[in-house]
Amino acid sequence: MTSNPKERAALAALDLVEDGMKLGLGTGSTAKFFIEHLGQRVRQGLDVEGVPTSKASEELARANGIPLFELAETTVLDLDIDGSDEITPDGSMIKGGGGAMLREKIVARASKRFVMIADVSKRVQTLGAFPLPIEVIPFGQAATIGEVRRELERLGYEGTDISLRSAEAGGFFETDSGNLVADLKLGRIEDPKALDEALTMIPGVVTTGLFLGCDVHQILATEDGLLNG
Ligand SMILES: O=C[C@H](O)[C@H](O)[C@H](O)COP(=O)(O)O
């Protein structure tokens with residue numbers, strides 16, 4: 001058994017996978033472990049298909065021989081396995097550290113069961129220490145950010161540091177949908193629902209990294225075992 005908490009959580013999620021399932025394949029370093037181990041099982045004969053939540057996960061899944069398909073109007077996934085940047089005991093999350101939150105939300109919504117895998121450091125009592133990513137369309141981004149700032153002030157977040165995410169190769173980070181990501185350093189989010197509603201009402205904001213009200217099963221791992229398990 002591995003001592004890596006992310007891999008441990010991924011392996012625990014693998015136990016939930018059954019023959020014939022349609023799966024959502026998450027994004028990030030924890031989901032990567034899941035996809036790699038799933039690939040091993042597929043090579044041993046497991047019959048599943050997956051919908052990746054990012055181009056990176058698509059490439060990884062293909063390299064690991066996992067059959068892929070596209071979401072259609074009537075597609076219902078059996079199980080979505082994804083990571084998180086912060087999660088509270090009641091399952092509210094910040095996601096999007098890798099910029100994949102839009103596809104991740106679509107896939108989570110299409111799934112009968114949503115399982116979050118993470119190392120235990122992602123567990124928080126209050127969201128917001130991790131900067132909240134929001135996806136913004138490039139057109140009029142400066143005006144959109146101005147609106148975001150005004151909404152934050154209206155909600156009582158004074159002088160929030162807002163930065164457009166940079167790409168490692170230089171320039172701005174671009175999401176798989178060709179948009180930008182702004183990271184909001186809020187520190188503490190008292191009312192995530194009110195914040196999410198206010199931000200998503202702004203026309204240039206496509207979505208936020210807040211995942212709220214999901215019926216999510218949490219698998220949190222330490223070096224020694226699973227939390228509560
Ligand atoms: O956009 C990225 C996703 O929301 C990830 O699930 C999240 O950032 C967690 O990633 P990791 O497993 O690398 O901590």
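Student: In this predicted model, which elements do the buried residues of α2 pack against?
Tutor: The buried residues of α2 are Thr 30, Ala 31, Lys 32, Phe 33, Phe 34, Ile 35 and Leu 38. Taken together, these buried residues pack against both helices and strands, namely α1 (5-14), β1 (22-25), α3 (55-63), β3 (79-82) and β6 (114-119).

Student: How far apart are the end C-alpha atoms of α2, and what span should its 15 residues have at 1.5 Å a residue?
Tutor: The helix α2 covers residues 29-43. At 1.5 Å a residue, the 15 residues of α2 should span 21 Å, and the distance between the end C-alpha atoms agrees with this because they are 22 Å apart.

Student: Which residue just after α2 takes a positive phi?
Tutor: The helix α2 runs over 29-43, and a positive phi of about 120 degrees is found just after it. The residue that takes this phi is Gly 45.

Student: Is Val 48 buried, exposed or partly exposed?
Tutor: Val 48 is found in the loop between α2 and β2 (49-52), and, leaving aside neighbours within four places in sequence, it is in contact with Val 17, Met 21, Leu 23 and Val 42. A residue is buried if 20 or more other C-beta atoms lie within 10 Å of its own, and exposed if 12 or fewer do. Because Val 48 has 19 C-beta neighbours inside 10 Å, it counts as partly exposed.

Student: Which element gives the most residues to the shell around the ligand?
Tutor: There are 18 residues around the ligand, of which Gly 28, Thr 30, Gly 83, Gly 97 and Gly 98 come nearest. The elements that give two or more residues to this shell are α4 and α2. With 3 residues, the element that gives the most is α2.

Student: How do the residues of the shell around the ligand divide into nonpolar, polar and charged?
Tutor: The residues that come nearest to the ligand include Gly 28 and Thr 30, and Gly is counted here among the polar residues. Over the whole shell, the residues divide into 3 nonpolar, 11 polar and 4 charged.

Student: Which residue does the UniProt annotation "active site" cover?
Tutor: The annotation comes from an unreviewed UniProt entry, and the residue concerned is placed in helix α4 (residues 101-109). Not counting residues up to four places away in sequence, it touches Gly 26, Thr 27, Thr 53, Asp 82 and Lys 95.

Student: From which element does the largest share of the side of domain 1 that touches domain 2 come?
Tutor: The protein chain is divided into domain 1 (5-124 + 213-221) and domain 2 (132-209), and 12 residues of domain 1 are in contact with 13 residues of domain 2. The largest share of the side of domain 1 that touches domain 2 is 4 residues, and these come from α4.

Student: Which residues is Leu 102 in contact with, leaving aside its neighbours within four places in sequence?
Tutor: Leu 102 is found in helix α4 and is buried, because 21 other C-beta atoms lie within 10 Å. Leaving aside its neighbours within four places in sequence, Leu 102 is in contact with Glu 135, Thr 175, Ser 177, Val 206 and Thr 207.

Methods:
Residues are numbered from 1 along each chain as its sequence is written. This is a predicted model: local features need pLDDT of at least 70, side-chain atom pairs count only at pLDDT 80 or more; totals for chains, interfaces and linings use all residues. UniProt positions are given in the numbering used here, feature names are shortened, and annotations may be inferred rather than shown by experiment. Two residues are in contact if their C-beta atoms, placed from the backbone, lie within 7 Å. Domain bounds come from an automatic or database domain assignment. A residue is near a molecule or strand if its C-beta atom, placed from the backbone, lies within 6 Å of it. The expected span of a helix is 1.5 Å times one less than its number of residues.
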